[in-house]
Amino acid sequence: MNFKLTEEQQAVKDAARDFAQSELLEGVIERDTEQRFPAQQVRQMGELGFMSMMVDPMYGGGGMDTISYVLAMEEISKIDASASVSMSVNNSLVCWGLEKYGTEEQKKKYLPRLCSGEAIGAFCLSEPEAGSDATSQVTEAIDQGDHYLLNGTKNWITNGNSASVYLVIAQTDREKGHKGINCLIVEKGMEGFVVGKKEDKLGIRGSDTHMLSFTDVKVPKENRVGEDGFGFKFAMGTLNGGRIGIAAQALGIAAGAYELALKYSKERKTFGKPISEHQAIAFKLADMATKIEAARHLVYKAAWLKDQGEDYSEASAMAKLYASEVAMDVTVEAVQVHGGYGYVKEYHVERLMRDAKITQIYEGTSEIQKIVISRSILKD
């Protein structure tokens with residue numbers, strides 16, 4: 001086992017940290033309050049290569065490994081989880097899914113725009129009655145010969161309004177169940193496609209989460225990803241990697257809150273000494289640091305397995321399950337360390353605590369991760 005980062009990986013980590021500190025930190029509280037998407041910063045992330053880190057350079061990507069990707073996700077998530085979730089969806093779900101399963105024509109048409117930051121992608125699986133139960137798709141894609149007619153509604157879609165390329169999961173043949181589901185590439189501007197209301201959320205308020213509606217949207221057959229009926233396998237395979245991205249986000253949220261709490265504990269004095277010298281606070285910091293390190297190793301292991309071409313479904317589920325729990329635990333304790341100051345926006349930790357909660361819900365709830373893990377460990 002080698003726990004040392006390569007020079008290239010360390011350079012990526014440093015670059016992401018520098019970008020987060022210099023470009024994302026300023027205005028992050030205001031963006032959260034105003035529910036404003038960090039459009040300028042996301043464009044910069046595209047220009048710097050953070051939106052397409054693992055894509056082959058022949059399509060405009062960085063050609064990096066998954067470890068480098070989670071390193072960057074962690075650093076950016078320490079400062080702005082709204083920016084990092086946009087990065088995660090574009091990298092883990094949209095770009096990876098298209099490169100892995102798309103045709104050469106689809107790759108050449110969409111990946112260069114998604115890599116450069118000219119376009120942002122969205123992954124559209126969840127519906128009002130089909131979140132964790134992804135097989136119960138109500139959205140329909142009716143085969144019309146040379147095209148599909150798409151009808152339905154998608155909920156809680158990250159990059160819902162900012163995206164221009166949407167991967168939409170829809171049912172084509174209901175009698176075939178999950179084998180009758182397809183993934184279609186839908187572009188903003190297609191007739192009948194409407195971006196609906198923006199959700200007023202607890203956390204990641206800078207992320208534009210929208211409802212989408214499709215009314216007789218004509219989608220060309222060449223926009224289907226994979227063979228007929230491949231949509232469910234596409235979604236599940238893509239989400240396996242997406243969990244690594246969200247686990248890295250949760251890790252970053254926890255690490256960001258810990259760094260703020262550690263710094264504050266050395267500056268704030270009570271009873272004549274820094275509060276870090278009080279055992280009650282010192283032990284909190286010790287617990288926080290230990291949980292974060294354990295989560296970090298789970299996340300890095302899942303990323304490493306993916307890079308090695310090995311099965312990483314169990315590892316990614318474990319990483320997301322544990323890292324999201326750590327994000328909640330650590331951010332709550334970070335607020336506690338700050339005392340009254342932790343309860344106000346100026347000190348950032350209350351925002352990180354609100355942002356942490358979603359990591360236990362999206363791209364598979366913690367309960368879904370336990371189903372994945374239990375099935376994996378019991379199958380032998």
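1. A quick term before we start: a salt bridge here is a side-chain nitrogen of Lys or Arg within 4 Å of a carboxyl oxygen of Asp or Glu. One example joins the side chains of aspartate 80 and arginine 31, at 2.9 Å from N to O. This pair links distant parts of the chain: aspartate 80 sits in the loop between α4 (66-79) and α5 (81-101), while arginine 31 belongs to helix α2 (residues 28-34), 49 residues apart. Helices (H or I, at least four residues) and strands (E, at least two) are DSSP runs, numbered from the N terminus.

2. Some ground rules. This is a predicted model, in which local features need pLDDT of at least 70 and side-chain atom pairs count only at pLDDT 80 or more, whereas totals for chains, interfaces and linings use all residues. Residues are numbered from 1 along each chain as its sequence is written, and side-chain values use heavy atoms, with hydrogens and water left out.

3. Are aspartate 80 and arginine 31 buried or exposed? Buried means under 20% relative accessible area, exposed means over 50%, and partly exposed lies in between (1.4 Å probe, protein chains only). Aspartate 80 has 4% relative accessibility, so it counts as buried. Arginine 31 is buried too, with a relative accessible area of 4%.

4. Now look at glutamate 259. Its side chain meets that of lysine 78 in a salt bridge of 2.7 Å, N to O. Glutamate 259 lies in helix α7 and lysine 78 in helix α4, so the pair ties together parts that are 181 residues apart in sequence. Salt bridges with shared partners join Lys13, Arg17, Glu75, Lys78 and Glu259 into one network. As for cover, lysine 78 is buried, with a relative accessible area of 9%, while glutamate 259 is partly exposed at 29%.

5. Glutamate 259 also meets the side chain of arginine 17 in a salt bridge, this one at 3.3 Å, N to O. Because glutamate 259 is in helix α7 and arginine 17 in helix α1 (residues 7-24), the pair ties together parts 242 residues apart in sequence. Arginine 17 is partly exposed, with a relative accessible area of 31%. How many salt bridges does the structure hold? The count is 23.

6. Which residues of α11 are buried? They are Ser366, Ile368, Gln369, Ile373 and Ser376. Seen down the axis of α11, the buried residues fall within an arc of 160°, so they line one face of the helix. That arc is taken from the directions from the helix axis to the C-beta atoms. The buried residues pack against α7 (231-267) and α9, with contact meaning heavy atoms within 4.5 Å. On the other side of α11, Glu367, Arg375 and Leu378 are exposed.

7. The loop between α9 (313-338) and α10 (349-358) is worth a stop, and valine 344 is found there. Valine 344 is partly exposed, with a relative accessible area of 37%. Together with Tyr341 and Tyr343, Val344 forms a nonpolar patch on the surface, with about 350 Å² of accessible area in total. Patches are made of residues with over 30% relative accessible area and no salt bridge; like charges are joined within 9 Å, and nonpolar side chains (Val, Leu, Ile, Met, Phe, Trp, Tyr) within 5 Å. Accessible areas come from the Shrake-Rupley method with a 1.4 Å probe, and for residues only the protein chains shown count as cover.

8. Check two backbone angles. Most residues other than glycine have a negative phi. Histidine 348, in the loop between α9 and α10, has a positive phi of about 75° although it is not a glycine. Histidine 348 is buried, with a relative accessible area of 16%. Phenylalanine 271, in the loop between β9 (269-270) and β10 (273-274), also has a positive phi, about 55°. Phenylalanine 271 is exposed, with a relative accessible area of 79%.

9. Last stop: histidine 178, in the loop between β4 (165-171) and β5 (181-187). Histidine 178 is partly exposed, with a relative accessible area of 36%. Leaving out residues up to four places away in sequence, histidine 178 touches Thr135, Gly229 and Phe232.
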